[in-house]
Amino acid sequence: MHKGGVHGLKFNVLGAVVLALCVTAVVTALERLHLLPHEPDKFIYDWKVSLLSKTIAAQRRDIAIIYIDDASLSRYPYKSPIDRALLAAVIRAVDRTKPKAIGVDIIFDRPTEQDRDDALLDALHQAHSPIVLIRTDAKESGVRRRALEWQEHFLKSADKIVANPFLGAEDSSLSLSDYVIRDMAAFDERDDRYPPFALALARIAGDRQYPANQLIDWLLPPADGREVFLTFVAPALDKVSAADDGDELVPPFMQKALSDRIVIIAGDMAGVDWYRVPMTVSNNLEVPGGYIHAQIIAQILDGRQIRDLPEALTIAIVFITTFFLYFAIETLGERHPEIIVEFAVIGLAMLFGVLLFWLFRVNFPSSQLAMVWLLAALSGKYTSAGLSRIQNRLFGE
């Protein structure tokens, strides 16, 4: 701490201002250049989502998911690609329930038996409900050009809405991908050939507003232990015929529950289209892609979004945090361990960010506070020493 009473206090304030200006300039520049490591932000954000996301009062009545998993295909000679006649039977059964829309979250990038491929196309052509299919492209690793060509032929023959299945990617050049899905797909309104899968289904339901911010605003299950969305798993049956009506796969009592809902038909095979999400990082579990799409659809229908803190307010918080961090260390550092003072100041700033998320669904990037702590710790002592020398020359102290 600078000595000299009032003069020392003034120099502490001056040092805090100088350091805060320098740190704020560096942190802002790193953020604008996408050079700020976001690992601290991811860790804190995932815990905020896990603990503070909205818990719904009851299971949603507008979205349902039908999974075809390993058990569903246990009596088939192969599990991938999913048997096309089985898919055709499920689509027929769901279509009879008069859903708002059917989304098929399964890639069709290779042929199987011709009669079963044809059965799926027939089911798609005969369906009265709006249907959205998804496509992959060269960005998807391991997809060959021949597979893409067959996919395009199949989707053209199906003559249905085609959507982009991709989920959000890392946006920082220094981020190490942890394969946790936090964002929805970016969408350019000027190129609407292949809208995001969730948006295409939400549009059919009457909502066209895609969130400006790509962060997914997750919903947590209700207290009664049910899933967020009505969820069925197709039972294990012997290989169905190409003309099967699907009543055994989607029994009538299930069909009654699907009316007037968006119904997603998705695979749930081990290791295929599975992802970690913020709510599962503590136990390292994964969820199927169909579940993530359902969460995004619900967000679009509800008009919810998580907003990023405006840049001006972010800059102000970085400046204020740096100022108080330096000032607290200089004024309290002789009576309390510096690490305790640092924890207290940074902890209060982090708590403010948590409150913003909880009360207003505003996300404050914690990585910037972590950088404030690092830069202040590295340069604070030099700032203090330099100001002490100036103070001694001016006041002889």
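Leaving aside residues up to four places away in sequence, which residues does Asp244 touch?

Modeller: Before the details, please keep in mind that this is a predicted model, in which local features need pLDDT of at least 70 and side-chain atom pairs count only at pLDDT 80 or more, while totals for chains, interfaces and linings use all residues. Residues are numbered from 1 along each chain as its sequence is written, and side-chain values use heavy atoms, with hydrogens and water left out.

Once residues up to four places away in sequence are set aside, Asp244 touches Ala89 and Arg92, where contact means heavy atoms within 4.5 Å. Asp244 sits in the loop that runs from strand 7 (230-233) to helix 7 (252-258); helices (H or I, at least four residues) and strands (E, at least two) are DSSP runs, numbered from the N terminus. Asp244 is buried but has no salt bridge, and the nearest side chain of opposite charge, that of Arg92, is 6.3 Å away. Buried here means under 20% relative accessible area, exposed means over 50%, and partly exposed lies in between, with a 1.4 Å probe and protein chains only. A salt bridge is a side-chain nitrogen of Lys or Arg within 4 Å of a carboxyl oxygen of Asp or Glu, and for charge Lys and Arg count as positive, Asp and Glu as negative, while His and the chain ends are not counted. A polar atom of the Asp244 side chain does lie 2.7 Å from the backbone nitrogen of Gly246.

Arg261 is found in the loop between helix 7 and strand 8, and, neighbours within four places in sequence aside, its contacts include Arg60, Asp62 and Leu230. Arg60 and Arg261 are 201 residues apart in sequence, yet their C-alpha atoms are 9.8 Å apart in space.

Arg60 itself belongs to the loop between strand 1 (54-55) and strand 2 (63-69), and it is buried, with a relative accessible area of 12%. The side chains of Arg60 and Asp302 are joined by a polar contact of 2.7 Å, a term for a pair of N or O atoms within 3.5 Å; within protein, one must be able to donate a hydrogen and the other to accept it, and residues adjacent in sequence count only if both atoms are side-chain atoms. Arg60 is also part of a network of salt bridges that links Arg60, Asp62, Asp217, Asp302, Arg304 and Arg361.

Within that group, the side chains of Arg304 and Asp217 meet in a salt bridge of 3.3 Å, N to O. Arg304 lies in the loop between helix 8 (289-302) and strand 11 (307-308), and Asp217 in the loop between helix 6 and strand 6 (219-220), so this pair ties together parts that are 87 residues apart in sequence. Both ends are covered, with relative accessible areas of 16% for Arg304 and 4% for Asp217.

A search of the whole structure finds 18 salt bridges. Among them is the pair of Arg182 and Asp46, whose closest N and O atoms are 2.8 Å apart. This pair links distant parts of the chain, since Arg182 is in the loop between strand 5 (161-163) and helix 6 (197-204) and Asp46 in helix 2 (residues 39-52), 136 residues apart. Arg182 and Asp46 are both buried.

Helix 6 is mostly covered, with 7 of its 8 residues buried. The elements that cover its buried residues include strand 3 (101-105), strand 4, strand 5, strand 8 (262-268) and helix 8. After helix 6 comes Gly206, whose phi is positive, near 110 degrees.

To place all this in the whole, the chain has 11 helices and 12 strands, and 51% of its 397 residues count as buried. Of the contacts in the chain with a separation of 6 or more, 83% are between residues 24 or more positions apart.
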